[in-house]
Amino acid sequence: MTLKSRNAIVTGSTSGIGLAIARAFAAKGANVVINGLGDADAIEKERASIAKDFGVTSLYSPANMMKPGEIENMVHEAEAKLGSVDLLINNAGIQFVSPIEDFPIDKWDAIISINLTAAFHTIRAAFPGMKKRKWGRIINTASAHSKVASPYKAAYVSAKHGLDGLTKTAALEGATFGITVNCVSPGYVWTPLVEHQIPDTMAARHMTKEEVISNVLLAAQPTKQFVTVDQVAALCVFLASDAAAQITGANISIDGGWTAE
Ligand code: NAD
């Protein structure tokens with residue numbers, strides 16, 4: 001399977017799952033636009049290593065996923081520089097853990113913007129080109145929390161359930177244009193996002209770090225193992241292949257059995 005001559009945007013790909021997805025697409029020959037926040041030198045190193053390791057064009061967009069104008073520019077700049085956007089991975093996301101009555105309003109707004117609304121803006125900007133070329137693959141990194149809830153994650157669970165709804169709607173609108181739109185829904189993947197929520201969960205649930213890992217995180221996952229970023233990336237590569245052309249509007253779990261319970 002090759003993705004040569006395909007161009008990809010992966011939002012939130014300076015770290016974690018998104019970086020693994022960007023590298024997996026580049027390994028199959030796709031040119032990639034990486035995006036996200038972080039240290040400029042570290043990001044440039046990642047960008048350059050993707051280009052060097054896989055012999056593809058690799059660009060960086062600093063677009064903030066909370067800013068609709070920057071999101072739209074990212075898509076239009078990618079189309080101008082690469083010729084098209086064929087693969088769009090809406091992966092940027094943040095988390096915040098708190099009881100609803102204490103949930104900071106700015107955190108609610110930021111989570112809904114980055115984890116849900118940004119995907120509406122990227123799809124809005126990328127759809128016309130994909131429809132014209134009659135080919136597109138849109139993959140939204142949702143979560144087990146797009147299917148089930150956990151306490152203290154009101155904004156995240158709401159955003160991810162919303163992303164599932166956006167996925168289904170976009171799938172129906174893209175169906176006759178050769179565009180598939182799907183969610184991948186990981187359980188707990190060991191990335192900075194998970195690592196950083198441990199202190200808040202310790203505080204919210206009055207637990208030690210070890211108790212959070214075994215009683216909260218891996219308690220939900222029957223396999224008792226974290227999902228790896230490479231496993232999520234491999235699923236995205238499959239969804240981008242011709243073999244997956246009839247998979248659209250799906251929300252595919254990769255969660256060690258979490259949502260089977
Ligand atoms: P991460 O923190 O390693 O990466 C998040 C990425 O989003 C980073 O590149 C960050 O710079 C970027 N980002 C954050 N705010 C941004 C903004 N305003 N504008 C642009 N980029 C921004 O986290 P991760 O675990 O790799 O998460 C990636 C996605 O996977 C998220 O949508 C997350 O909800 C989802 N997810 C993660 C897990 C998990 O266990 N790690 C499980 C299910 C779903």
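Tutor: Two strands are said to pair if DSSP finds at least two bridges between them, and strands (E, at least two residues) and helices (H or I, at least four) are DSSP runs numbered from the N terminus. The model is predicted, so local features need pLDDT of at least 70 and side-chain atom pairs count only at pLDDT 80 or more, while totals for chains, interfaces and linings use all residues. Residues are numbered from 1 along each chain as its sequence is written, and side-chain values use heavy atoms, with hydrogens and water left out.

Student: What makes strand 1 and strand 2 a pair?

Tutor: Strand 1 (residues 7–10) and strand 2 (residues 31–35) are joined in the parallel sense over 4 bridges, and they therefore pass the requirement of at least two. Within this pairing, Asn7 stands opposite Asn31 in strand 2. Strand 2 also pairs with strand 3, in the parallel sense and over 4 bridges, with Ile34 opposite Tyr60 in strand 3.

Student: Why do strand 3 and strand 7 stand at the edges?

Tutor: The open sheet has 7 strands in the order 3-2-1-4-5-6-7, with parallel pairing. Strand 3 (58–61) and strand 7 (251–254) each have a single partner strand, so one side of each is left without a neighbour in the sheet.

Student: What makes the unit of strand 2, helix 2 and strand 3 right-handed or left-handed?

Tutor: A crossover is right-handed if, with the strands pointing away from the viewer, the path from the first strand over the helix to the second runs clockwise. Strand 2, helix 2 and strand 3 make a right-handed β-α-β unit, so the path from strand 2 over helix 2 to strand 3 runs clockwise in that view.

Student: Why is one space called a cavity and another a pocket?

Tutor: On a 1 Å grid over the protein atoms alone, a cavity is a set of points where a 1.4 Å probe fits but cannot get out, whereas a pocket is an open set with protein on both sides within 12 Å along at least five of seven lines; lining residues have an atom within 4 Å of a point. Of its 13 lining residues, Asn90, Asn91, Ala92, Ile114 and Ala119 are the closest to its centre, and helix 4 supplies the largest share, 5 residues. The largest pocket holds about 990 Å³ and is lined by 42 residues, with helix 6 giving the most, 6 residues.

Definitions and conventions: Points joined across faces, edges and corners; volume = space filled by probe spheres on them.
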